[in-house]
Amino acid sequence: MSGYIEGDWATAQGENMVVDGWVKVSLIDFPGSICSTLFFGGCNLRCRYCHNPKMALGQGPFEEVKWNTVEEFLKDGKGILHGVCFSGGEPTLRPDLYAMALRVKMSGFKVKVDTNGTMPENLFPLIRDGLLDYAAVDVKGSPGKYREICGVDVSESAVMETVETLERFGIPLELRTTVHQDLLSREDMLEMARWMQGERILYIQPCRTSITLDPRLQGTLGPDKAWLEGVAEACAPYFSKVIIRG
Ligand code: SF4
């Protein structure tokens with residue numbers, strides 16, 4: 001934690017920090033680790049297929065779990081729990097993410113962050129200071145599709161910067177693409193694969209349409225298994241591994 005500065009500890013005391021949602025024990029959110037997953041309301045994107053619109057829009061009421069409660073639980077779970085997954089919404093929007101990650105690391109747990117990758121400057125302090133053990137970075141589609149899928153202007157180069165910075169610091173990561181075939185065609189997926197290609201793992205996950213931020217997608221048929229398998233096969237040459245999840 002070379003970049004750690006003394007003043008950070010003052011903001012890391014925990015009394016005022018709050019988590020918006022909490023899955024105490026998760027077997028699926030942190031590859032290879034049993035973790036506790038924390039959710040933070042608010043996101044800078046408005047993905048049409050977003051399955052947790054309330055969290056994305058920051059519209060509570062949320063659970064509002066006090067940080068000290070989380071920490072007590074982690075302390076009791078030592079030996080069973082290995083890590084903490086920070087998820088959202090978009091957790092890198094939270095100014096106290098650094099403080100929380102610092103406390104988690106200092107308690108002996110690993111840290112994972114789920115991010116849309118659009119704000120590398122917010123994630124960088126955690127990367128630089130050795131607070132991050134794993135990251136899941138959303139890749140929403142090929143660069144030309146971001147506006148249509150995410151509903152706002154996005155700097156696609158920022159997403160690439162996030163991925164490349166994680167790699168430069170040797171932090172394991174996965175790329176994740178959520179697919180609805182009305183938003184991403186097979187050709188769009190191939191274009192995305194050519195853009196993001198490398199020694200990287202890509203997870204392709206079908207869009208869940210029971211709840212979506214854009215009501216027009218609600219209840220629509222997501223991609224079927226055969227379509228997904230075909231796309232995964234077509235993308236496979238560009239990555240070290242392509243896995244269908246969900
Ligand atoms: S799916 Fe999109 S809008 Fe929803 S939380 Fe993730 S990045 Fe934000």
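D182, which lies in the loop between β8 and α8 (186-196), is partly exposed, because 15 other C-beta atoms are found within 10 Å; a residue counts as buried if 20 or more other C-beta atoms lie within 10 Å of its own, as exposed if 12 or fewer do, and as partly exposed in between, with C-beta atoms placed from the backbone. Helices (H or I, at least four residues) and strands (E, at least two) are DSSP runs numbered from the N terminus. The structure is a predicted model, in which local features need pLDDT of at least 70 and side-chain atom pairs count only at pLDDT 80 or more, while totals for chains, interfaces and linings use all residues. Residues are numbered from 1 along each chain as its sequence is written. Between D182 and C43 the separation is 139 residues in sequence and 23 Å in space, C-alpha to C-alpha.

C43 is one of the residues around the ligand, a shell that also includes L45, R46, C47, C50, A56, G88, G89, E90, N116 and D138; a residue is near a molecule or strand if its C-beta atom, placed from the backbone, lies within 6 Å of it. By class, this shell is made up of five nonpolar, three polar and three charged residues, where Ala, Val, Leu, Ile, Met, Phe, Trp, Tyr, Cys and Pro count as nonpolar, Asp, Glu, Lys and Arg as charged, and the others, Gly among them, as polar. G88 and G89 of the shell are joined by a cis peptide bond with an omega of about 15°, and G89 is found in the loop between β5 (83-88) and α4 (97-106).

A cis peptide bond also joins G60 and P61, with omega about 0°, and P61 has its place in the loop between α2 (53-57) and β4 (65-66). The loop between α2 and β4 also holds E64, which has a positive phi of about 50° although it is not a glycine. Most residues other than glycine have a negative phi, and most peptide bonds are trans. E64 counts as exposed because it has 12 C-beta neighbours inside 10 Å.

The strands β2 and β3 (residues 33-40) run antiparallel and are joined by five bridges, and F30 stands opposite S33 in β3.

Strand β6 (residues 110-115) pairs with β5 in the parallel sense over four bridges, K112 of β6 being the bridge partner of C85. Five of the six residues of β6 are buried, so this strand is largely enclosed by the rest of the structure. The pairing of β6 with β7 is likewise in the parallel sense over four bridges, and D114 has A136 in β7 as its bridge partner. In strand β7 (residues 134-138), five of the five residues are buried, so β7 is largely enclosed by the rest of the structure. Y134, A136 and D138 point one way from β7, whereas A135 and V137 point the other way. In a regular strand the side chains alternate between the two faces of the sheet.

The axes of helix α5 (residues 120-128) and helix α7 (residues 156-168) come within 10 Å and cross at roughly 10°, which means that α5 is roughly parallel to α7; angles under 35 degrees count as roughly parallel, over 145 as roughly antiparallel, 65 to 115 as roughly perpendicular and the rest as oblique. P120, L123, F124 and I127 of α5 make the contact with A158, E161, T162, T165 and L166 of α7, residues being in contact if their C-beta atoms, placed from the backbone, lie within 7 Å. These residues divide into six nonpolar, two polar and one charged. L123 of helix α5 is buried, because 26 other C-beta atoms lie within 10 Å. Leaving aside neighbours within four places in sequence, L123 is in contact with T92, V113, T115 and T162; L123 and T162 are 39 residues apart in sequence and 7.9 Å apart in space, C-alpha to C-alpha.

Methods:
Axes are lines fitted to C-alpha atoms, for helices over the stretch in contact, and angles run from 0 to 180 degrees between N-to-C directions. Two residues are in contact if their C-beta atoms, placed from the backbone, lie within 7 Å. Two strands pair if DSSP finds at least two bridges between them.
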